[in-house]
Amino acid sequence: MNEGYKKYIPFKQIDLPDREWPNKTITKAPIWCSVDLRDGNQALIDPMNLEEKLEFFHALVDIGIKEIEIGFPSASETEYEICRELIEGGHIPDDVTIQVLVQAREHLIKKTFEAIKGAKNVIVHFYNSTSTLQRKVVFKTDMQGVIDIAVNGAKLIKELTEQFEGDTNIRFEYSPESFSGTEMDNAVKICEEVMDALGSTKENPVILNLPNTVEMCTPNTYADQIEYFIKHLKNREAAIISIHPHNDRGCGVAATELALMAGAERVEGTLFGNGERTGNLDMVTVGLNMYTQGVDPELDFSNLPKLKEIYERCTNMRIDPRQPYIGELVFTAFSGSHQDAINKGHIYMKESNTPYWEIPYLPIDPADVGREYEPIIRINSQSGKGGAAFVMNHNFGYDMPKRMHPEFSKLVQAECEKLGRELIPKELLKVFEDNYLNIQQKYQLTKHKVYEESENGKSYVHFKGRMRIDGDAEVKLHGVGNGPIDAFFKALKPINMEKYKFVNYSQHAISEGSDSKAVSYIELKKPDGKNIFGVGIDSNVNFASILGVLNAINRAELENNA
């Protein structure tokens, strides 16, 4: 047995017996801050160039993000130039605030203030690491040494802000980096001293950003940390509580949602979760999770495919097929029972006119994120009888009766097994056409006439025509009945068709306008007692039914000869 697990130290839980967050719900959107151009960009194999960063910035603005961390302008000339281009090139709308990141170090802070000259709204985001492990391994200092670094940085930032020329609105953000790995009382203490150094007030609050820099605990523990911090912070009204979750345990979204329940007001994350290691928080997922609960995320995700295209092209990253809401397969059902439930959900919504989205297995309407034209149901050998029928209806307008679904499903499954893969919609249509419309015809009508006649107040339908059997000479047909199907069956008596019994039929239009056609689905009982379906299509609805009867008979005769 592998005992490597013994070298790991269990995460220390928070002493919070009166925790309140489990009884809370998320009822409004947080303040969103995108860190795609900083955290996301630094995690790329090939960082974005200027043009890509500008395009990405505008995409973030277009979906409604009002606070955007654009980079670390004191870290490199490239980062500095991007900051200047955004400002000087007029790319920043008046209602959007750019955020610049800087370590709490004097020369870097001064360089950062040079970079933001001319901007209208700026958040100066400074940080230093505070975790127990970082203090022990990296900095080899005690907590007071870490506090001194943060306070000195805060004092310099306040001084430079007071001296800053121009009309720039400068706000402050402080992050005790690796907050979740810091003793909570130490995290509270360093933030309080930074607030004092900055002179934070209710009217001019500091953003206290509490990063889950490396996700080391379960989401409930992170929520405990946030609630503990808020309850123990002096001058709480002079701070905006922000979170910055990562995804090392795969719980970034859950940690964010529970932290919001615990009182966080602001969220830093990236589109689709791009970031160091396993990534940052996925803002798209959190936002749309809120959306499915009837809460407006105040971000526009109505065209996710476009956002995906920009993201993948600018970052050279690829979104997983199972990525929530945007992955290629997230709105796709292969399972037969799932397909059947989705199909019934569509029918229920149409018939009930419900104002709510009530379709099993689809927590969100794909149309709400711009994916209405993508196949929801895909067909393979595991698909159920309702799935193939749904695709035929949704893609091609064929609304087969429910009793016909099992028969068609068997034909589809046989084709899937033959090819060893799923069928795309046009291949599904070909299965339908090959098995119902384009079949060999033992019995073929070469001439026909259907008309009504009244006598003594009663109406009768006449069928007259000619039929070729097995390619031989034509025979004349004539029958009178109470409808076109009955008349046609009467006409078939001379050629020994009494062995087929009519069971049921349904019909509908398959196109609109003056050139519309009708399709009829006819169910017959064969001599062996089993049922078979036929399909007829014609501009005349009566003749479509007659063709359906003949189609069913021809299909049965083909089965007999197989």
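Is L524 buried or exposed? L524 is buried, with a relative accessible area of 0%; buried means under 20% relative accessible area, exposed over 50%, and partly exposed in between, with a 1.4 Å probe and protein chains only. Welcome to a short tour of a predicted model, in which local features need pLDDT of at least 70 and side-chain atom pairs count only at pLDDT 80 or more, while totals for chains, interfaces and linings use all residues. Residues are numbered from 1 along each chain as its sequence is written, and side-chain values use heavy atoms, leaving out hydrogens and water.

**Around L524**

- L524 sits in strand β13; strands (E, at least two residues) and helices (H or I, at least four) are DSSP runs numbered from the N terminus.
- L524 and V549 are 25 residues apart in sequence, and their C-alpha atoms are 7.7 Å apart in space.

- R266 belongs to strand β8, which covers residues 266-269, and R266 is buried at a relative accessible area of 1%.
- The R266 side chain makes polar contacts with the side chains of Q99 (2.6 Å) and E268 (2.9 Å).
- A polar contact here is a pair of N or O atoms within 3.5 Å; within protein, one must be able to donate a hydrogen and the other to accept it, and residues adjacent in sequence count only if both atoms are side-chain atoms.
- H244 is in strand β7, residues 239-245, and is also buried, with 7% relative accessibility.
- From its side chain, H244 makes a polar contact with the side chain of E268 (2.7 Å) and another with the side chain of N280 (3.4 Å).
- A network of salt bridges links R266 and E268 with E67, R171 and E173.

**Salt bridges across the sequence**

- Side chains of opposite charge can pair when their charged atoms come close.
- The structure holds 30 salt bridges, each defined as a side-chain nitrogen of Lys or Arg within 4 Å of a carboxyl oxygen of Asp or Glu.
- D224 forms a salt bridge with R19, with the closest N and O atoms 2.9 Å apart.
- D224 lies in helix α8 (residues 219-232) and R19 in the segment before β1 (31-34), so this pair ties together parts that are 205 residues apart in sequence.
- D224 counts as buried at 3% relative accessibility, whereas R19 is partly exposed, with a relative accessible area of 33%.
- R555 forms a salt bridge with E407, and their closest N and O atoms are 3.0 Å apart.
- Because R555 lies in helix α17 (residues 541-561) and E407 in helix α14 (residues 405-419), the pair ties together parts that are 148 residues apart in sequence.
- Both R555 and E407 are buried.
- E559 forms a salt bridge with K526, where the closest N and O atoms are 2.7 Å apart.
- E559 is in helix α17 and K526 in the loop between β13 (518-525) and β14 (531-538), so the pair ties together parts that are 33 residues apart in sequence.
- E559 counts as partly exposed at 40% relative accessibility, while K526 is buried, with a relative accessible area of 10%.

**Cysteines**

- The structure holds 0 disulfides, a disulfide being a pair of cysteine sulfur atoms within 2.5 Å.
- For C191, the closest cysteine sulfur is that of C33, and at 17 Å it is too far for a bond.
- For C217, the closest cysteine sulfur is in C251, and the 9.2 Å between them is also too far for a bond.
- C191 is buried, with a relative accessible area of 0%, and C217 counts as buried at 3% relative accessibility.

**The second largest pocket**

- The second largest pocket has a volume of about 510 Å³.
- Among the 16 residues that line the second largest pocket, N343, I347, F390, N393 and D399 are the closest to its centre.
- On a 1 Å grid over the protein atoms alone, a pocket is an open set of points where a 1.4 Å probe fits, with protein on both sides within 12 Å along at least five of seven lines; lining residues have an atom within 4 Å of a point.
- Grid points are joined across faces, edges and corners, and the volume is the space filled by probe spheres set on the points.
- Helices α12 (336-352) and α13 (385-396) each supply at least two lining residues, and α12 gives the most, with 7 residues.
- The lining divides into 4 nonpolar, 5 polar and 7 charged residues.

Methods: Ala, Val, Leu, Ile, Met, Phe, Trp, Tyr, Cys and Pro count as nonpolar, Asp, Glu, Lys and Arg as charged, and the others, Gly among them, as polar.
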